[in-house]
Amino acid sequence: MPSVSPPYAQSIVNYLVSLGFNEIEITTQVSAPAVPPSSSRVSMQDYVSLLNKGALLTNNSLFGFELGKHIQAKDYGVLGYLVESCENLAQAIQALTRFDALVANIGNTTVVNESTNVHINWKPKSDDCKQMVLRNTTAWVATVYKILGQACQIHAITFTFPLSVRERGTLEAWFNCDVMGEADTNAIIFPQSLLHIPFTSENRAMFSALIAVTETELRRCYQQGNSPGETDAFEHIRVSVEALLKAQPTLKGCNQQRIASALFISPRTLQRKLKLSGTSFQQLLNDERKCRLDKLLTYHSIADTADLLGFKEQSSFTHAFKKWYSTTPLRYQKQLVK
């Protein structure tokens with residue numbers, strides 16, 4: 001059944017709240033569906049309804065476009081981190097095409113390569129889809145803009161629905177290219193040369209780890225009536241958290257909220273499942289910190305090591321270090337560099 005992940009739907013509510021709307025008003029007074037618990041998927045029908053209510057509340061026929069401009073990696077869950085770790089746009093497109101159903105199984109993507117251009121065509125699985133297509137297209141381009149910056153030059157954007165003169169002008173100003181309505185396909189058209197520009201955020205270790213996690217998540221997403229037992233599920237969560245932690249170039253800002261979002265679950269659910277597997281997020285984070293200690297203290301100061309390990313204060317790192325090894329980071333470092 002066509003559906004989206006809870007974080008992807010919840011980001012609509014979060015965006016509206018940031019504009020000053022009350023969450024209760026969003027989901028009740030305008031008859032929009034509430035986002036279900038993070039263990040459930042949100043149906044495409046409810047997702048479209050939520051987008052349409054957002055357009056109604058803001059009185060903006062381009063609500064999906066405005067929403068797409070504010071896309072964040074956490075809205076995509078693990079797929080967002082995977083895309084940011086890709087080597088180039090060609091690899092990112094492969095990842096998006098392969099794993100898009102994890103975030104939103106609401107359309108079909110096809111990639112058409114011509115002699116000089118690439119067309120990414122998207123066909124939604126819904127008739128009432130203007131806001132959905134606007135968000136999908138804009139979020140895709142916004143993500144690439146963040147990674148490639150000014151190097152990202154789009155040739156044209158096409159939509160199957162009609163656009164007013166005002167709407168077209170607004171879209172062309174942001175996309176910086178021709179925008180056409182009532183076209184045969186919803187498409188993003190860009191030069192072949194963009195495919196192989198290196199991503200500045202490319203991280204091969206992260207990419208490899210996230211591919212493994214994402215493949216597992218996709219298999220679980222498609223399982224129908226053959227879900228693994230509870231013990232297997234809890235073990236799967238633990239292994240996924242370990243992989244995501246190992247994939248991070250640094251552990252700064254790597255907290256339970258961020259990891260939970262990447263796995264499409266709430267921090268509370270993550271905490272509960274890790275407890276049932278015999279561990280905790282803090283324990284897994286500390287284990288990863290210990291694995292990185294020797295290399296970091298060999299090449300960095302104690303202050304920088306604490307920062308790279310995700311400690312907000314050097315004193316917190318020193319306190320934790322004494323608890324782990326019954327000595328100070330300075331004494332330990334002197335032994336390492338002898």
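Student: How many helices and strands does the protein chain have?
Tutor: The protein chain has 16 helices and seven strands. Both are DSSP runs, numbered from the N terminus: H or I of at least four residues for helices, E of at least two for strands.

Student: What should I know about the numbers before we go on?
Tutor: This is a predicted model, where local features need pLDDT of at least 70 and side-chain atom pairs count only at pLDDT 80 or more, while totals for chains, interfaces and linings use all residues. Residues are numbered from 1 along each chain as its sequence is written, and side-chain values use heavy atoms, with hydrogens and water left out.

Student: What share of the residues counts as buried?
Tutor: 51% of the 338 residues in the protein chain. Buried means under 20% relative accessible area, exposed over 50%, and partly exposed in between (1.4 Å probe, protein chains only).

Student: And what share of the contacts is between residues 24 or more positions apart?
Tutor: Among contacts with a separation of 6 or more, 68%. A contact means heavy atoms within 4.5 Å.

Student: Now α3. What span should it have, and why?
Tutor: Helix α3 covers residues 44–58, so its 15 residues at 1.5 Å each should span 21 Å. The expected span is 1.5 Å times one less than the number of residues. The end C-alpha atoms are 21 Å apart, which agrees.

Student: Which of its residues are buried?
Tutor: In α3, the buried ones are M44, Y47, V48, S49, L50, L51, G54, A55 and L57.

Student: How do α1 and α3 pack?
Tutor: Helix α1 (residues 6–18) packs on α3 at about 10°, with the axes 10 Å apart. Axes are lines fitted to C-alpha atoms, for helices over the stretch in contact, and angles run from 0 to 180 degrees between N-to-C directions. The two helices are therefore roughly parallel. Under 35 degrees counts as roughly parallel, over 145 as roughly antiparallel, 65 to 115 as roughly perpendicular, and the rest as oblique.

Student: Which residues meet there?
Tutor: Y8, A9, I12, V13 and L16 from α1 meet Y47, L50, L51, G54, L57 and T58 from α3.

Student: Switching to α7 and α8. At what angle do they pack?
Tutor: About 20°, with axes 12 Å apart. That makes α7 roughly parallel to α8. On the α7 side, K130, L134, T137, T138, V141, A142 and Y145 meet E167, L171, W174 and F175 of α8.

Student: Now N176. Is it buried or exposed?
Tutor: N176 is exposed, at 54% relative accessible area. It sits in the loop between α8 and β6 (178–180).

Student: Where is S326?
Tutor: In the loop between α15 (314–325) and α16 (329–336). S326 also has a positive phi, near 55°. At 69% relative accessibility, S326 counts as exposed.
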